[in-house]
Amino acid sequence: MAIMSVPSSSLTFLPVLERIASEIAQRPGRGRPADYIPALAACDPRSFGMAVAELDGTVYGVGDWRQPFSTQSITKVFTLALDLAREGDELWEHVGREPSGNPFNSLVQLEYENGIPRNPFINAGALVVTDRLQTRTGDAAGVLLDFLREESGNRDLTFDADVAASEAANGDRNAALGHFMASYGNIGNPVPVLLEQYFRQCSVEASCADLALATGFLARHGVRADGSRLLTRSQAKQVNAVMLTCGTYDAAGDFAYRVGLPGKSGVGGGIIAVVPGRCTLCVWSPGLDERGNSVAGVAALDRFTTLTGLSVF
């Protein structure tokens with residue numbers, strides 16, 4: 001199959017997306033939905049949507065790109081940015097910036113690293129970030145939802161109460177992570193309060209279009225859709241760097257190798273990705289591989305960077 005390479009100065013995204021969707025539709029293996037969260041288990045693994053948002057807010061999409069889905073760990077990017085904007089480098093005293101090399105819900109490293117999680121995108125690290133945002137705002141999940149509504153332009157975004165309840169009912173490991181870090185003084189709020197905020201955060205429903213738009217501030221080097229600045233240019237670089245090295249669980253190296261973009265996945269089947277200075281993407285297909293990443297989503301982003309030549313390398 002010939003590769004279509006288009007100069008970025010004259011790139012038209014819709015034909016690229018249509019070609020990718022056609023290729024993905026012919027792929028036989030699509031993975032399995034996350035069955036450890038009952039509310040996600042019934043998703044059709046053959047669903048597929050993909051959207052690209054340019055810096056000015058123009059959005060292109062194919063397939064189920066307007067279909068809301070459970071964002072799950074994708075929201076960790078936004079809570080990281082929202083807390084980093086408030087407390088700056090002090091955050092990094094409580095959570096690291098290194099790949100974990102272990103599953104996203106692992107407890108293994110915490111004990112010999114004194115309750116400091118490896119990075120903000122494994123569950124332990126995300127709990128720390130949500131805890132610190134909760135301390136500063138009094139409603140971390142609510143602040144997150146307001147931000148997503150404003151950046152996406154979709155005031156109808158909301159939490160999925162069934163998904164939040166499902167996660168709470170199956171959240172013993174997250175509770176263990178929270179209590180263990182609290183024993184080291186790295187959690188400030190009562191663990192039940194933190195878990196309620198965290199499960200609400202992960203239950204946000206949004207579409208590919210919503211998330212591509214909401215991620216735009218990272219492609220604009222920290223500038224929000226209304227022109228105000230959320231992050232310094234350096235902080236936006238930090239978030240993108242951690243996404244590249246840690247954003248797809250313990251498959252981040254393979255994702256960087258195949259896709260070459262900062263990205264963050266969620267077990268709902270979504271992945272966001274950033275081309276700094278150019279555009280943002282979101283792809284969704286709920287069939288996951290053994291590491292919790294969308295099979296079709298990674299393949300689609302791989303094809304996007306191959307066809308367009310847009311990557312950070």
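In the predicted model, Ala53 sits across from Thr280 of β8, and β1 and β8 run antiparallel, joined by 6 bridges. Strands here are DSSP runs of E of at least two residues and helices are runs of H or I of at least four, numbered from the N terminus; two strands count as paired if DSSP finds at least two bridges between them. Thr280 also has Val274 opposite, from strand β7 (residues 270-275), which pairs with β8 in the antiparallel sense over 6 bridges. β7 and β8 make a hairpin with 3 residues between them, and Gly277 in the turn takes a positive phi of about 80 degrees.

On its other pairing, β1 (residues 49-54) goes antiparallel with β2 over 5 bridges, with Val52 opposite Tyr60. Put together, this gives an open sheet of 5 strands in the order β2-β1-β8-β7-β6, with antiparallel pairing. β2 (59-63) and β6 (263-265) are the edge strands with a single partner each, so one side of each has no neighbour in the sheet. Neighbouring strands are turned by 10 degrees against each other on average, direction ignored. Helix α1 (residues 13-25) lies across β1, β2 and β8 (279-284), at about 20 degrees to β2; axes are lines fitted to C-alpha atoms, for helices over the stretch in contact, with angles from 0 to 180 degrees between N-to-C directions.

As for burial (under 20% relative accessible area is buried, over 50% exposed, in between partly exposed; 1.4 Å probe, protein chains only), 6 of the 6 residues of β8 are buried. Cys279, Leu281 and Val283 point one way from β8, while Thr280, Cys282 and Trp284 point the other way.

Leaving out residues up to four places away in sequence, Leu218 has contacts (heavy atoms within 4.5 Å) with Val77, Leu231, Ala236, Val239, Asn240, Met243 and Val274.

A few notes on the numbers: residues are counted from 1 along each chain as its sequence is written. Local features need pLDDT of at least 70 and side-chain atom pairs count only at pLDDT 80 or more, while totals for chains, interfaces and linings use all residues, and side-chain values use heavy atoms, with hydrogens and water left out.
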